Amino acid sequence: MKTLVKVLVYVVLILIVLVVGSLAYIKLALPNVGEAPDLKIEATDMRIERGRYLAHHVMVCIDCHSQRDWTLFSGPPMDGTWGQGGERFAQEFGFPGKFVASNITPANLGSWTDGEIFRAVTSGVGKDGRPLFPIMPHLSYGQLDEEDIYSVIAYIRTLSPIQNVTEPSKADFPMNFILHTIPQKPNFRKRPATTDLIEYGKYLVTAASCFDCHTRQEKGQFVGKPFAGGFEFPMPDGSKVISANITPHPTSGIGNWTEEQFIRRFKMYSDSNYVVPKVAPGEFQTIMPWVMYSGMNEEDLRAMYHYLRTLEPQDENYPRFVTAK
């Protein structure tokens, strides 16, 4: 009997050592994506303009890294706050922790090298080696053309410096361990020719991270059918916005949309006659940054439409907006 007890004790101790060792390895050795590259980006006018287009209208970096005006429809970024950071993605919004968009103006990134910014955007590892939660979709950005990332970095270097110290992000258990396993080395691809509508559209959908918002998530994990919607976004007043199904299902998705209707749905927000409406608490609101995406050119929107038409149709239908109880 004593021998059996001793064996059980040894087994338990070995298991404890293995668990502690594994957790220590995850915390101390990961993420392992390599050193930040030795990189100095030439800030040409062409790169800065391309970066401005991507940061404002496709990858919409300025959307998450600015203060959004939720008294207006779709919460457009407020002038004078571009890049200052501070937007919170926390437990009350269904996230496994509190993740805060950082200040990406030169006031904060001035001490970062171009290579350190590049690694953060494409591999999800900060200057200090900490892993970044993929609310910034570094897994998608790591699939883009390196030249487009160079352009974004060249552009954000031109932002007006804003002295704004953001609160630190903190993942809950067990995400504080899981987070170290998420960053990965990028798998870059060249930007396809604009004439290849399907491949170019896929590239833009990846850059815009449409999958992330239009796929249902629970506590940071994708659990829904790809692009079929269902991701719930709680609003400050207690109401909820639920992402739409953008697969080509004829009734639940956008299968009956024409190319013209799809493009018009975006471009209507950039029409010279369009005035962004005020939204009172409890009224229909959306986190979809329509005003920012409306700046995409029609050629890019057309390609995105044609790629989305190739997705597998999913019969998933969710309410778009649920008022507070």
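This is a predicted model: local features need pLDDT of at least 70, side-chain atom pairs count only at pLDDT 80 or more; totals for chains, interfaces and linings use all residues.
Residues are numbered from 1 along each chain as its sequence is written, and side-chain values use heavy atoms, with hydrogens and water left out.

Let's start with the whole chain. Its C-alpha atoms fill a box of roughly 85 × 50 × 40 Å along the principal axes. The accessible surface is about 17,000 Å², and 58% of that belongs to carbon and sulfur atoms; areas come from the Shrake-Rupley method with a 1.4 Å probe, and for residues only the protein chains shown count as cover. Of the 325 residues, 46% count as buried, where buried means under 20% relative accessible area, exposed means over 50%, and partly exposed is in between (1.4 Å probe, protein chains only). If you take contacts (heavy atoms within 4.5 Å) between residues at least 6 apart in sequence, 68% of them join residues at least 24 apart.

On to secondary structure. The chain has 13 helices and eight strands, which are DSSP runs numbered from the N terminus (helices are H or I with at least four residues, strands are E with at least two). Three of the strands make an open sheet in the order 1-2-3, with antiparallel pairing. Strand 1 (88-89) and strand 3 (170-171) are the edges, each pairing on one side only. Two strands count as paired if DSSP finds at least two bridges between them. Strand 1 and strand 2 are antiparallel over two bridges, with arginine 88 standing opposite valine 100 in strand 2. Strand 2 (residues 97-100) also pairs with strand 3 in the antiparallel sense, again over two bridges, and here glycine 97 stands opposite alanine 171.

Now look at helix 7 (residues 146-156). It is mostly covered, as nine of its eleven residues are buried. Among them are Ile149, Tyr150, Val152, Ile153, Tyr155 and Ile156. The cover includes helix 2 (45-58), helix 3 (61-64), helix 4 (106-109), helix 5 (114-123), helix 6 (138-141) and helix 9. At the start of helix 7, a side-chain oxygen of aspartate 145 reaches to within 3.0 Å of the backbone nitrogen of glutamate 147.

Searching the whole structure turns up 16 salt bridges, each defined as a side-chain nitrogen of Lys or Arg within 4 Å of a carboxyl oxygen of Asp or Glu. In one of them, aspartate 148 meets arginine 191 at 3.5 Å, N to O. Aspartate 148 lies in helix 7 and arginine 191 in the loop between helix 8 (175-178) and helix 9 (197-207), so this pair ties together parts that are 43 residues apart in sequence. Aspartate 148 is buried, at 2% relative accessibility, whereas arginine 191 is partly exposed, at 35%.

Two other salt bridges are worth a stop. Arginine 216 and glutamate 218 meet at 3.0 Å, N to O; arginine 216 is partly exposed with a relative accessible area of 27%, and glutamate 218 is partly exposed at 46%. Glutamate 232 forms a salt bridge with lysine 240, their closest N and O atoms being 3.1 Å apart. Glutamate 232 is partly exposed at 37% relative accessibility, and so is lysine 240, at 27%. Some bridges share partners, and in this way Arg50, Asp148 and Arg191 are joined into one network.

Last stop: histidine 65, in the loop between helix 3 and strand 1. Is this residue buried or exposed? At 11% relative accessibility, histidine 65 counts as buried. What is it in contact with, leaving aside neighbours within four places in sequence? The list is Thr81, Trp82, Gly83, Gln84, Gly85, Ala101, Ser102 and Ile104.

Notes:
A polar contact is a pair of N or O atoms within 3.5 Å; within protein, one must be able to donate a hydrogen and the other to accept it, and residues adjacent in sequence count only if both atoms are side-chain atoms.
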